[in-house]
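Please read them with the structure open.

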Amino acid sequence: MFDIIKKEELNTTVIKMDIKAPLIANKAKPGQFIILRVNKDGERIPLTIADHDLINGTITIIFQVVGATTLLLSKLRVGDQLSDLVGPLGNPSQLDNLKRVIIVGGGVGSAIAYPLAKALHEQGCEVTVILGFRNKELVILEDSFKQVCDNLAIMTDDGSYQEKGLVTNKLAEILDIDTKYDEVITIGPLIMMKYVALLTKKYQVKTIVSMNPIMIDGTGMCGGCRLRVNEQTVFACVDGPDFDGHQVDFDEAIKRSKMYSDFEHHQYDDTCNLFSKEVE
Amino acid sequence: MSKRLPMSLVDAKTRKHSFTEVALGYTEEEALAEANRCLNCKNKPCVSGCPVRIDIPAFIAKIKAKDYEGAYQIIDHSSSLPAICGRVCPQETQCEKFCIQGIKGDAVAIGNLERFVADYHYQHQHKTIKTKHNNKKVAIIGSGPSGLTCAGDLAKAGFKVTIFEALHIAGGVLVYGIPEFRLPKKIVEMEINNLTDLGVTIETNMIIGRIKTIDDLISEGYQAIYVGTGAGLPNFMKIKGENLNGVYAANEFLTRVNLMKAYQKDSQTPIAHGKKVAVVGGGNVAVDAARCALRLGAEEVSIIYRRSRNELPARNEEVIHAEDEGIKFHFLTNPIEILGNDDFIVTQLKCVEMELGEPDESGRRRPVVKAGSEFLLDVDTVIIAIGTSPNPLIKMTTDQLATSSWGGIIVNEDGLTTKPMVYAGGDAVTGSATVIKAMQAGKLAAKSIIAELNK
């Protein structure tokens with residue numbers, strides 16, 4: 001069992017939690033993820049490790065309530081326990097020798113981008129961050145990012161905060177002036193990563209994407225997380241989760257991500273009903 | 001010549017909608033009658049066919065004398081998991097193949113008797129005898145049949161054994177792979193409890209290579225390590241359409257059903273409830289997947305196998321059970337493409353017919369494509385069960401550990417790897433094989449570790 005030490009709502013649907021897991025904290029590196037189960041018969045869901053604290057022996061997860069399991073998770077309080085937690089899984093992001101990087105985060109993906117920005121900043125890299133959100137209410141981690149980057153741009157779809165537009169608008173603006181970046185790293189919705197990769201391909205800037213497909217075990221066993229990368233089938237859990245964005249077949253990944261969407265909506269509605277009944 | 005006594009089964013019509021166990025086991029009378037067919041041969045040919053060398057005539061003699069616990073003790077001396085082996089061993093190619101009764105008639109049903117003895121033992125709750133501990137620590141990676149067997153033998157010899165398991169429950173392929181109707185999870189749990197009663201510690205959610213490396217374990221004072229991480233990585237055919245929605249690796253399909261209980265009404269785990277399901281492959285995994293699909297409500301389940309019935313690697317009994325349940329076998333058939341619709345959902349399987357040519361390296365006749373034999377099969381789910389490869393994680397994260405070109409860990413005749421005091425066995429060494437072969441490797445390594453640490 002794994003204790004929830006701290007809980008904070010970053011916006012109306014995004015929650016940050018610190019969980020006691022000293023062994024995982026001890027080995028965690030930026031880019032890696034964990035798999036958790038909320039309760040004994042629960043689903044196994046993968047979440048990126050957003051931060052870790054060696055002194056307190058905790059890892060941080062940041063998640064958006066999108067389905068039944070994240071809804072259940074969001075209802076847990078400090079002092080409650082998770083049934084299972086396994087990690088750190090996947091290969092750490094390759095950050096060595098990076099001197100000048102643009103990080104593009106979308107929505108809750110910004111949370112996953114944060115540890116990368118922090119690690120790069122600590123190694124003396126020049127970090128430019130572009131974050132995209134639907135509106136002002138959904139903006140997260142602005143202050144945290146400010147501490148770890150040289151330039152920060154926040155884009156909102158409706159213009160309710162800072163600049164109106166998509167992350168790709170800002171990225172094009174930057175790359176039009178200067179393309180001498182070692183890498184663009186992008187994390188967020190598949191559709192956003194697809195268009196970031198298409199754009200950077202035009203400018204010939206190497207682009208790393210972080211993939212988070214449907215998976216069960218996270219150890220290479222189920223094969224459910226397979227992706228087409230450079231015309232080969234790879235497993236996101238053991239071969240990734242980071243891949244060369246110019247090689248990933250995003251259209252396939254988007255279709256695969258919807259495999260269980262009917263079931264997921266149904267489960268989510270059921271779980272919502274369960275909670276509303278409790279309130280009554 | 002007396003006839004072999006069949007085990008009673010739940011009838012095919014009922015069981016094809018249910019995940020409860022198909023084979024019901026012998027009653028005491030049946031076990032006695034079958035045991036009396038054993039000729040108690042002096043040279044014990046059956047024992048030579050048993051990978052873990054159970055003294056078969058001796059345990060059967062105890063059954064004849066109605067000393068069932070005595071029979072259990074004899075089996076327990078050689079096997080840590082008798083309730084499991086009695087259910088899943090391919091006896092017809094092992095012990096029973098060498099039975100003298102089998103030359104002119106039916107071999108003694110050794111597997112059925114083993115199951116009877118193990119079930120009797122567990123039903124009568126005989127407590128495991130505690131052994132005295134020495135202070136030597138051994139770590140076992142993976143709680144599948146190989147790791148459990150190795151742990152059992154080491155614990156019986158007094159070692160302090162810790163098993164590290166990556167998933168949230170112990171059992172490996174016994175819990176994620178083999179379905180409930182063939183191996184009830186309650187049985188696996190009892191066999192595992194038996195080990196924890198012996199003093200074995202099991203740590204779940206521990207993915208070795210990530211949370212701790214093998215070198216970390218060595219520096220924590222584990223004096224020997226056994227790697228029984230299995231062959232987890234599913235193989236694909238590398239044909240067009242394999243990533244379509246509705247195409248599963250058998251591992252994923254079985255894991256969703258067995259480990260994550262997708263067959264239960266309120267399960268939180270989604271699975272495709274296909275109506276027309278094709279399973280590619282001919283091993284036990286293929287048959288298990290096909291029978292699971294049927295139980296999830298499929299109307300038509302086909303097993304596509306590129307060789308003929310004679311080459312089927314699956315356990316004979318399961319093949320017969322599957323056929324009785326209405327599963328169709330397409331022998332000498334090979335898929336060449338999976339077709340889907342605009343929504344990226346699988347719709348058809350394109351296959352070719354094969355014929356058997358000259359024998360290949362394995363001694364089996366190599367299937368070759370029959371010209372102009374292409375045909376289409378309508379499907380909404382395809383399950384690929386063409387074998388698995390060893391998981392690369394341990395290899396990636398351990399220095400000095402040599403592996404073969406296909407990823408199998410290299411060991412010597414004692415089960416020792418190229419890294420001092422690190423042993424390995426089971427599917428991690430051989431590639432996908434059987435439960436009993438994995439147990440045999442676990443036993444061998446345990447014997448070597450005991451000899452080495454007691455020097």
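1. Salt bridge. The model is predicted. By the rule, one salt bridge crosses the interface of domain 1 of chain A and domain 2 of chain A. Look at A:K118 and A:D51: their side chains meet in a salt bridge, at 3.2 Å from N to O. That N-to-O value lies within the 4 Å cut-off.

2. Strands on the domain 1 side. Which elements give two or more residues to the side of domain 1 of chain A that touches domain 2 of chain A? They are strand 3 (33–37), strand 4 (45–53) and strand 5 (58–64) of chain A. Strand 4 of chain A supplies the largest share, five residues.

3. Residue classes. On this side of domain 1 of chain A, eleven residues are nonpolar, five are polar and two are charged.

4. Polar contacts. Between domain 1 of chain A and domain 2 of chain A, four residue pairs are in polar contact, with both residues at pLDDT 80 or more.

5. Domain bounds. The assignment for chain A places domain 1 at 2–89 and domain 2 at 100–257. The centres of these two domains, taken over C-alpha atoms, are 21 Å apart.

6. Extent of the interface. How many residues are in contact on each side? Domain 1 of chain A contributes 18 residues, and domain 2 of chain A contributes 21. Together the two domains bury about 1,600 Å² between them. Carbon and sulfur atoms account for 64% of that area.

Terms used
Residues are numbered from 1 along each chain as its sequence is written. Chains are lettered from A and ligands numbered from 1 in the order in which they are written. This is a predicted model: local features need pLDDT of at least 70, side-chain atom pairs count only at pLDDT 80 or more; totals for chains, interfaces and linings use all residues. Side-chain values use heavy atoms; hydrogens and water are left out. Domain bounds come from an automatic or database domain assignment. Contact means heavy atoms within 4.5 Å. Buried area is the accessible area (1.4 Å probe) that two parts lose on being put together, summed over both. A polar contact is a pair of N or O atoms within 3.5 Å; within protein, one must be able to donate a hydrogen and the other to accept it, and residues adjacent in sequence count only if both atoms are side-chain atoms. Helices (H or I, at least four residues) and strands (E, at least two) are DSSP runs, numbered from the N terminus. Ala, Val, Leu, Ile, Met, Phe, Trp, Tyr, Cys and Pro count as nonpolar, Asp, Glu, Lys and Arg as charged, and the others, Gly among them, as polar.
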